[in-house]
Amino acid sequence: LTFFATIGLLKMYQLPWNFVVLKRFTVLLLILGIVFSTTSFIDRSNNNLLTTEELETFNWMKENTRSDSIILTSPESGPHIIYFAERTPFYSLPEQDRLKASLSNSALSSVYIHELFPTMEDNKITILYITPKMMKALPEDLGLKFLLKNERFKLIHSAEDTEVWAFN
């Protein structure tokens, strides 16, 4: 693709133009567009890379959890859980199920036990996977971090800020 884009740019530059200034300005805009879109893509691609701890955790889930486990996590982690851990996320980003999206969001932002536990029980969610990004977004001693201190949650795996909790 880069080869053909370069050929096209060179051909366009070699064509006779009536306004040389307009020709140079057009080529400059094309080059700047390519540079800015490339840097933007590189910046976004680095944000989506998985850490070694996350890959280790997915492998651990694959080997140490039941195959019928349903995992509650952020929607962005859903495709990774499907692929690497070979488990079922409760809600995954590509899904279009608004009810599951709403339930997932309300469960992850729950402040009280009576909000979280019925959602997890009714949907047979047995595992909670918390990423470092989720951990930073959760408030201290309030919400989900506080609810994890309940005896129904048990920390079954931890690697850096990546945690896997079992729900009984």
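**Contacts, core and sheet**

Author: In this predicted model, isoleucine 130 touches Met135, Leu148, Asp161, Thr162, Glu163 and Trp165, leaving aside residues up to four places away in sequence.

Reader: What makes these residues count as touching isoleucine 130?

Author: Contact means heavy atoms within 4.5 Å, and Met135, Leu148, Asp161, Thr162, Glu163 and Trp165 are listed as touching isoleucine 130, so by that definition each has heavy atoms within 4.5 Å of isoleucine 130.

Reader: Why is the set that includes Leu72 and Phe153 called a nonpolar core?

Author: The term asks for buried residues of nonpolar kinds, joined through side-chain atoms within 4.5 Å, and buried here means under 20% relative accessible area. The largest such core has 20 residues, and Leu72, Leu116, Leu128, Ile130 and Phe153 have the most contacts inside it. Among the elements that each supply at least two of its residues are helix H5 (98-108), strand S3 (127-130) and strand S5 (162-167), while H6 gives the largest share, three residues. Another core, of eight residues, lies apart from it and includes Phe58, Ala85, Ile127 and Val164.

Reader: How do you know that S3 and S5 are paired?

Author: Pairing requires at least two bridges; four bridges join S3 to S5, which run antiparallel, so the two strands qualify as a pair. Within S5, glutamate 163 stands opposite isoleucine 130.

Notes: Residues are numbered from 1 along each chain as its sequence is written. This is a predicted model: local features need pLDDT of at least 70, side-chain atom pairs count only at pLDDT 80 or more; totals for chains, interfaces and linings use all residues. Side-chain values use heavy atoms; hydrogens and water are left out. Buried means under 20% relative accessible area, exposed over 50%, partly exposed in between (1.4 Å probe, protein chains only).
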